[in-house]
Amino acid sequence: MNTGIPMKAPRAGSDAESGLNLEVGAQCLYCGGTTLRVRFTGVRDRLGFVPGERTFVGCGGCGSVVLSPLPTVEQLPDFYPPVYSFTIENRGRGWLKRWLSRIEYHLYFRPQYAAQARSVQRTCGIAKQSNKKLLDVGCGRGLRLLEFQRLGFDVHGLDVLPDVVRYLQDELHIPAACADVSRIAEIYSAESFDVVTAFQLVEHVPDVEALLVDCARVLRPGGWIVLATPLVDSLQASLFGRRWINVTEAPRHLSLATQAGLKKAFSRAGLEPGPIVPDAVSNCAGLVGLSLVSGGALSHAYAPGAVLSLVKRFAGAAVSAAALPASLFVNHIIGRPSVGIAFAKKPHAARSPGE
């Protein structure tokens with residue numbers, strides 16, 4: 001996920017208890033807390049794309065974690081491999097990968113997207129075919145937007161990649177803008193959407209509050225912001241530790257929130273925090289397979305060649321399928337899902353961020 005929110009370069013400082021170099025003025029991206037302690041060290045990029053080791057520090061207030069030091073904005077684009085997001089289009093990559101992408105779409109991705117769209121519609125209390133206006137920030141190739149469209153939403157997309165935006169406009173006939181997330185309030189008029197969604201985005205941005213404030217500006221009073229993001233207070237995060245896929249997504253993942261952290265972030269942006277519901281069980285189970293079977297990542301499987309990665313991807317899919325019952329239990333009985341969909345409402349009366 002490409003973002004492009006401007007960020008100041010970090011400056012090195014010292015943490016007396018851990019001996020870790022932390023950036024001066026470092027704070028939690030969710031609650032703003034400044035009591036930070038080492039949580040995960042020696043973290044390596046699971047894709048092997050960015051060399052080196054990284055450290056996440058945890059907030060003593062809300063428990064969310066953030067990379068320390070944070071990368072500079074100039075470094076962020078270089079962290080993403082050529083193949084990073086799922087697409088059903090795999091022209092020029094051989095019949096096997098084209099076949100696999102369609103199988104994955106119909107068996108895994110489309111049911112997941114449909115479940116997410118229904119969850120948003122149900123939790124926001126929006127009737128089917130109501131023609132509510134929805135903006136998906138960091139929309140990718142728009143496959144999730146198709147599911148919202150089937151439920152009757154008037155859908156719009158925003159993404160930083162020009163070819164993605166052209167695909168939405170020309171192939172899917174979905175209105176889309178090409179820009180990074182820092183330009184939301186510049187591109188769209190105030191109070192022009194009923195729902196703003198951001199799936200698997202907030203963990204990639206260096207200024208969470210700015211993102212939420214900009215999203216709130218383009219929402220109508222009573223409208224909803226919906227964030228889907230990995231939760232570092234999940235059972236999976238506790239079991240896998242620094243081997244958890246969402247930890248090893250560093251340095252593309254700049255932070256990982258807790259449920260408490262998300263609610264604090266909403267409040268700081270002047271929003272009314274709502275429920276946090278589990279993401280689609282297939283998505284949560286899929287993280288188990290990706291955490292346990294290294295080398296089966298989408299970026300590897302759909303890269304040129306890489307036949308062995310296809311085998312590993314099938315193995316990861318088998319592990320994920322076996323994890324479905326446990327993920328269902330964790331999501332709905334224990335209540336500690338690996339990915340949450342967090343809701344917040346824009347008040348009818350104006351509130352200043354931080355109130």
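The model is a predicted one, and a search of the whole structure turns up seven aromatic pairs. A pair of aromatic rings is described by the distance of the centres and the angle of the planes.

Let us begin with Phe 148 and Phe 199. Their ring centres are 6.4 Å apart and their planes meet at 55°, so this pair counts as tilted. The two residues come from distant parts of the chain, 51 residues apart: Phe 148 belongs to helix 2 (residues 143-150), while Phe 199 belongs to strand 9 (residues 193-199). Both Phe 148 and Phe 199 are buried.

Tyr 188 and Phe 193 make up another of the pairs, and this one is edge-to-face. Why does Tyr 188 count as buried? Its relative accessibility is 13%, and buried means under 20%. Phe 193, at 1% relative accessibility, counts as buried too.

Here are the two pairs side by side:

| Pair | Centre to centre | Angle between planes | Arrangement |
|---|---|---|---|
| Phe 148 and Phe 199 | 6.4 Å | 55° | tilted |
| Tyr 188 and Phe 193 | 5.2 Å | 80° | edge-to-face |

Elsewhere, ring pairs join Tyr 108, Phe 109 and Tyr 113 into a cluster.

Now for the charged groups. Phe 193, the partner of Tyr 188, also has Lys 133 over its face, 5.0 Å from the ring centre. Over the ring of Tyr 167 sits the charged end of Arg 141, at 4.2 Å from the centre of that ring.

How values were computed:
Residues are numbered from 1 along each chain as its sequence is written. This is a predicted model: local features need pLDDT of at least 70, side-chain atom pairs count only at pLDDT 80 or more; totals for chains, interfaces and linings use all residues. Side-chain values use heavy atoms; hydrogens and water are left out. Rings of Phe, Tyr and Trp (its six-membered ring) pair if their centres lie within 6.5 Å; planes under 30 degrees apart count as stacked, over 60 as edge-to-face and the rest as tilted. Helices (H or I, at least four residues) and strands (E, at least two) are DSSP runs, numbered from the N terminus. Buried means under 20% relative accessible area, exposed over 50%, partly exposed in between (1.4 Å probe, protein chains only). A charge sits over a ring if NZ of Lys or CZ of Arg is within 6 Å of the ring centre and within 35 degrees of the ring normal.
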